[in-house]
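Me: I would like to learn how to read the features of a model such as this one, step by step. Please show me the structure and then begin with the terms I shall need.

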Amino acid sequence: MKNLFIALCLLLYTSVATAQINITETFDGVGTLDWSEYADKDVSALIEMGALDLEVKKEGFIVLCHTDLPVIPEYDFKVTAKLLIPKIDEKEFGILFDMDEDYNRQGLVFMEDKFIACKYNGNTRIAGNSYELPIKLAKSRNRNMEVTIERKGGRIIVYYDNIEIFKQKRPFYDAKLSFFTTTKLKVEELIVEQPYTGD
């Protein structure tokens with residue numbers, strides 16, 4: 001009887017251990033995720049020297065780099081991005097995630113003095129129905145910042161540097177993720193966690 005109990009415990013542990021996703025993308029050449037790298041005379045989004053490096057070379061442009069997250073949208077998950085911002089100024093950077101049937105995406109926009117949660121379609125911010133919060137990112141060079149997006153109990157919760165700045169009950173359609181900037185941005189690490197995948 002004792003052996004049967006131990007065998008059942010091991011079986012349960014094995015099924016729980018396999019029913020989760022835990023990925024750490026370090027951009028060191030053996031990446032797990034498929035990023036949309038590209039470069040031209042105006043913008044570039046390339047994995048180099050252990051980071052996803054986004055750069056706008058011409059004023060007025062925006063650069064985005066996309067991937068599909070290997071999570072199941074119906075279940076809770078967490079995505080943590082470790083960023084390096086070469087310069088904090090009036091320009092913007094951030095994350096786009098999710099995509100509905102009309103190709104709208106949720107935008108999380110950071111600037112020196114505010115955070116904006118809004119909809120994007122393509123590279124364009126959709127006017128109206130946005131949420132703004134005053135924040136203060138000190139002007140500095142090479143600032144490290146951690147941004148976490150968590151889906152929990154039907155809500156999307158966003159943190160930067162462990163400070164909760166946004167919470168919204170909303171449906172989640174498709175596990176798309178993009179980083180964007182109007183200047184320069186480095187993504188040094190991306191951690192994707194989903195404790196339960198329905199298995």
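Predicted model: local features only at pLDDT ≥ 70, side-chain atom pairs only at ≥ 80, totals over all residues.

Reply: A residue counts as buried under 20% relative accessible area and as exposed over 50%, with partly exposed in between.

Me: What is the relative accessible area of Glu132, the residue with which Lys114 forms a salt bridge?

Reply: Glu132 has a relative accessible area of 47% and is therefore partly exposed. In the salt bridge between Glu132 and Lys114, the closest N and O atoms are 3.8 Å apart, which falls inside the cut-off of 4 Å for such a pair. Because Glu132 lies in strand E11 (residues 131–134) and Lys114 in strand E9 (residues 114–121), the pair ties together parts that are 18 residues apart in sequence.

Me: How many salt bridges does the structure hold?

Reply: There are 12 salt bridges in the structure. One of them brings together the side chains of Lys91 and Glu59, at 2.4 Å from N to O. This pair links distant parts of the chain, for Lys91 sits in the loop between strand E6 (77–87) and strand E7 (93–97), while Glu59 sits in the loop between strand E4 (51–56) and strand E5 (63–68), 32 residues apart. As for accessibility, Lys91 is partly exposed at 23%, whereas Glu59, with a relative accessible area of 64%, is exposed.

Me: Where in the chain do Asp161 and Arg143 lie?

Reply: Asp161 is in the loop between strand E13 (155–160) and strand E14 (163–169), and Arg143 is in strand E12 (residues 141–152), so that the pair links distant parts of the chain, 18 residues apart. Asp161 and Arg143 form a salt bridge whose closest N and O atoms are 3.3 Å apart, and Asp161 is partly exposed, with a relative accessible area of 27%. Salt bridges may also share partners, and in that way Asp68, Asp174 and Lys176 are joined into one network.

Me: How should I read the aromatic pairs, and how many does a search of the whole structure find?

Reply: The general idea is that two numbers describe a pair of aromatic rings, namely the distance of the centres and the angle of the planes. A search of the whole structure finds 11 such pairs. Phe27 and Trp35 form one that is tilted, at 5.6 Å centre to centre and with 50° between the planes; Phe27 counts as buried at 2% relative accessibility, and Trp35 likewise counts as buried at 7%.

Me: Why is the pair of Phe93 and Phe110 stacked?

Reply: Planes under 30 degrees apart count as stacked, and because the planes of Phe93 and Phe110 stand at 15°, with the ring centres 5.7 Å apart, this pair is stacked. Phe93 belongs to strand E7 and Phe110 to strand E8 (residues 104–110), 17 residues apart, so the pair links distant parts of the chain.

Me: Which residues touch the most other members of the largest nonpolar core?

Reply: They are Phe110, Leu177, Phe179 and Leu190, in a core of 45 residues. Strand E6 gives the most to this core, with five residues. Apart from this core lies another, of nine residues, among them Leu64, Leu96, Met111 and Tyr120. Leaving aside residues up to four places away in sequence, Leu190 has contacts that include Phe27, Trp35, Leu177 and Phe179.

Me: Is Thr148 buried or exposed?

Reply: Thr148, which lies in strand E12, counts as buried at 9% relative accessibility. The side chains of Thr148 and Thr80 are joined by a polar contact of 3.4 Å, and Thr80 is also among the residues that Leu190 touches.

Me: What do the totals say about the whole protein chain?

Reply: The protein chain has one helix and 16 strands, and 44% of its 199 residues count as buried. Among contacts between residues at least 6 apart in sequence, 61% join residues at least 24 apart. The chain exposes about 10,900 Å², of which carbon and sulfur atoms supply 53%.

Note on methods:
Residues numbered from 1 in each chain as written. Heavy atoms only, no water. Helix = DSSP H or I, 4+ residues; strand = E, 2+ residues; numbered from the N terminus. Buried < 20%, exposed > 50% of the residue type's maximum accessible area, 1.4 Å probe, protein only. Phe/Tyr/Trp six-rings, centres within 6.5 Å; stacked < 30°, edge-to-face > 60°. Polar contact = N/O pair within 3.5 Å; in protein donor to acceptor, adjacent residues only side chain to side chain. Contact = heavy atoms within 4.5 Å. Areas by Shrake-Rupley, 256 points an atom, 1.4 Å probe, with all protein chains shown as cover. Core = buried A, V, L, I, M, F, W, Y, C linked by side-chain atoms within 4.5 Å.
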